[in-house]
Structure formats: C-alpha cells, structure tokens
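I opened the notebook to look up charge pairing and surface features. My entries follow the order of looking.

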Amino acid sequence: MDGPGLSRQELEYEARWLLRKVKSEVDAPTMKVMENLVDVVITLIDKNNAALARRLETRESPDVGDEY
C-alpha cells in the first residue's frame, strides 16, 4: 500500500521484533494471548491506514464540478 503508515507486513515484522524477548519470559498460554492481541492491533492499524489513504486520495483528486 502506498498510503500513510507502515504496511501490514512491516507492522507484523515490527511486532515480531518487539516480542522477541518476551517469548522466553512468558508461558505458552500467555504468549498465545499476546499474539492474538498483537494481531488485533495490527489489523486495526492496517484498516486505519487504508481509511487514511482513501481520505487522502479523495482530497487529492480534483473536484468534478470545477472543470471548465
């Protein structure tokens, strides 16, 4: 996506990077909850980025009624 913010893939990479140390410090059920929470947050951010991109696209497109 050529819109604002990081792509979903970039968000997932950053989340994995941030969670790298946590994996060794928590038990498996806790890690599963954390992974699910991270997935929810990434999905929300990705959807928000898409909405922002649509809004910016609408702003940048010329108004149809202004052409002479």
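Which side chain does arginine 8 meet in a salt bridge with aspartate 39, and at what N to O distance do the two meet? I note first that this is a predicted model. The side chains of arginine 8 and aspartate 39 pair at 3.2 Å, N to O. I checked where the partners sit: arginine 8 is in helix α1 and aspartate 39 in helix α2, 31 residues apart, so the pair links distant parts of the chain.

Next I looked up aspartate 46. Aspartate 46 also forms a salt bridge with arginine 8, with the closest N and O atoms 3.9 Å apart. That value is within the 4 Å cut-off. Aspartate 46 lies in helix α2, so its pair with arginine 8 in helix α1 ties together parts 38 residues apart in sequence.

Then I turned to glutamate 12. Glutamate 12 bridges to arginine 8 at 3.1 Å between the closest N and O atoms. Both lie in helix α1, 4 residues apart, about one turn of the helix.

I logged the count as 3 salt bridges. Arg8, Glu12, Asp39 and Asp46 are linked in a network.

Are these residues buried or exposed? I found arginine 8 partly exposed at 26% relative accessible area. Glutamate 12 is partly exposed at 29%, aspartate 39 at 40% and aspartate 46 at 23%.

Last, I looked at the surface. Tyr13, Trp17 and Leu18 form a nonpolar patch with about 380 Å² of accessible area together. Tyrosine 13 is in helix α1 (residues 8–19), and I have tyrosine 13 as partly exposed at 45% relative accessibility.

Methods
Residues are numbered from 1 along each chain as its sequence is written. This is a predicted model: local features need pLDDT of at least 70, side-chain atom pairs count only at pLDDT 80 or more; totals for chains, interfaces and linings use all residues. Side-chain values use heavy atoms; hydrogens and water are left out. Patches are made of residues with over 30% relative accessible area and no salt bridge: like charges are joined within 9 Å, nonpolar side chains (Val, Leu, Ile, Met, Phe, Trp, Tyr) within 5 Å. Accessible areas come from the Shrake-Rupley method with a 1.4 Å probe; for residues, only the protein chains shown count as cover. Helices (H or I, at least four residues) and strands (E, at least two) are DSSP runs, numbered from the N terminus. Buried means under 20% relative accessible area, exposed over 50%, partly exposed in between (1.4 Å probe, protein chains only).
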